[in-house]
Amino acid sequence: MPIRLTSQKLKRLIWVLAIRESRRLYWEEGNPERMARLSFLLRELRRREDKPKRIWVTEAFCVQERAAHGASDGYIEIIRRTDPGRYFNFLRMSPEVFDLLFSIVEPAITKQRAVREPIPAKGRLEITLRYLATGDNYETLAALFRVSPQAISVIVNEVRSAIWSCLKPLVFEDPDEEFWLARADEFAWEWDYEHCVGAIDSKLVLIQAPPHSGSLMFDYKGHHSVHLLAVVDAYQRFSLVDVGAAGRQSDGGVLRNSVLGERLLNHEMNLPPAAPLVEGGPELIYCFVGDEAFGMSDFMMRPYPRCRGLNLRQRVFDYRLSRPRRIAESGFGTLVQTWRVFRSPMDTSLEVGIQVIHACTCLHNFLIDNEESRFRRPRRAEDRIQNHIYQYEPENEEVPRMGTLERMRYDFSMHFVGEGAIDCQWEKAVNANF
């Protein structure tokens, strides 16, 4: 069985043997096993002495090269002083917001000096943000920041975990009744839909097929993916997220099998009780809005299916519901446009890919909170004008039975063509231009 020793122990053993006894004594004692052992040790020592010495880091990634030509101390510092717009495009946030983010995650990503000077925490954060902003491979980032690809792999994993753990308590609130009432007020003001507490939708995030996964992650678009299920508020912030469902599932199936869906079915999400919008009117539930992929329930409102011949009231309802519902799609669009790591399949394991999605959702909310001028679009003043120049005349149709899901949708639609009507809805509904 081969003997495995470190160079230091090997040298010590050889010299002890050489000092105590000589080769002549070994031969005279007639012990060939001892001689073979000593010969092996001598050959091993000679082999290791002839082997080229390993270096700690190549010259291209040494500290001096990083300080002279690395992006952290060079290009980024220059554009920070002279070109804030290019700085925002490079790291997806302004210098002031970067400093705020750095102050939050710095304690979690700072390394203490051991054998040599560690890579600064500021540079570690810049490397991770650039990776999330572009999705570049580690070799490209290594050439840009003068840090080895192996070190970048470790840095990105550590920093994105720190972003999730440090930002999650700040950008994701624990939903209670007051939280949902505040979200409903925002949707009523911004998108003219009362009692809406959030828009639910799911996005397919491309990944590399996990080993032995077969068609589990294969979606209807022909890619391997996982679902990012999110509840989005009126300003494109993610109120709740659920990540990791297999891509082959439908949006409705993802919600039904998620923790969020289970809590909604068990009435554990602290949604406000139903209340009338006008005095003497029917009680309308506080609910989420979604597209046709989600089923109607006592917490979910969906549009009337267009395959039927819809009357004016139903088309008005579909238009009014589309206003808050499209915010979920806009939120996903903003997420992908900002963090372009989503534009190509993530070349990571499934667990690491889920961590990347978590970190990006935190950064998405963080930027909307702190970069309002860039991410929040003010509502047009003409959208708030309500002259009620069109008078809706009820049609002869059967009224759904009280207490049914269809009756809840009917009550909402009657409100939208009555006291809650807005002028722009009539032309949109008549022309089906939405």
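Visitor: What share of the contacts in the protein with a separation of 6 or more comes from residues 24 or more positions apart?

Guide: A contact means heavy atoms within 4.5 Å. Here, residues 24 or more positions apart supply 67% of the contacts that have a separation of 6 or more. Before we go on: this is a predicted model, where local features need pLDDT of at least 70 and side-chain atom pairs count only at pLDDT 80 or more, while totals for chains, interfaces and linings use all residues. Residues are numbered from 1 along each chain as its sequence is written, and side-chain values use heavy atoms, with hydrogens and water left out.

Visitor: How many helices and strands are there in the protein?

Guide: Helices (H or I, at least four residues) and strands (E, at least two) are DSSP runs numbered from the N terminus. On that count, the protein has 18 helices and seven strands.

Visitor: And what percentage of the residues count as buried?

Guide: Buried means under 20% relative accessible area, exposed means over 50%, and partly exposed is in between (1.4 Å probe, protein chains only). Of the 434 residues, 46% fall in the buried class. As for the surface itself, areas come from the Shrake-Rupley method with a 1.4 Å probe, and for residues only the protein chains shown count as cover. The accessible surface of the protein is about 23500 Å², and carbon and sulfur atoms hold 51% of that.

Visitor: Now the salt bridges. How many does a search of the whole structure find?

Guide: The test is a side-chain nitrogen of Lys or Arg within 4 Å of a carboxyl oxygen of Asp or Glu. A search of the whole structure turns up 14. One of them joins E126 and K122, whose closest N and O atoms are 2.8 Å apart. The two are separated by about one helical turn, because they are four residues apart in helix 8 (residues 121-134).

Visitor: Are E126 and K122 buried or partly exposed?

Guide: One of each. E126 is buried, at 0% relative accessible area, whereas K122 is partly exposed at 24%.

Visitor: Which residue does E158 meet in a salt bridge?

Guide: The side chain of E158 meets that of R124, at 2.4 Å from N to O. This pair links distant parts of the chain, with E158 in helix 10 and R124 in helix 8, 34 residues apart. E158 is partly exposed at 32%, while R124 is buried at 5%.

Visitor: What about E329 and R325?

Guide: Their side chains meet in a salt bridge too, at 3.6 Å from N to O. Both lie in helix 14 (residues 312-338), four residues apart, about one turn of the helix. Elsewhere, salt bridges with shared partners join E77, K122 and E126 into one network.

Visitor: Which residues gather in a patch of negative charge on the surface?

Guide: E173, D174, D176, E177 and E178. Patch members have over 30% relative accessible area and no salt bridge, with like charges joined within 9 Å and nonpolar side chains (Val, Leu, Ile, Met, Phe, Trp, Tyr) within 5 Å. Lys and Arg count as positive, Asp and Glu as negative, with His and the chain ends not counted; each charge is placed at NZ of Lys, CZ of Arg, CG of Asp or CD of Glu.

Visitor: Last one: what is the phi of R92?

Guide: Most residues other than glycine have a negative phi. R92 has a positive phi near 70°, in the loop between helix 6 (84-91) and helix 7 (95-109), and is buried at 8%. Q236 also has a positive phi, about 70°, without being a glycine. Q236 is in the loop between strand 2 (225-232) and strand 3 (238-246), and counts as buried at 16%.
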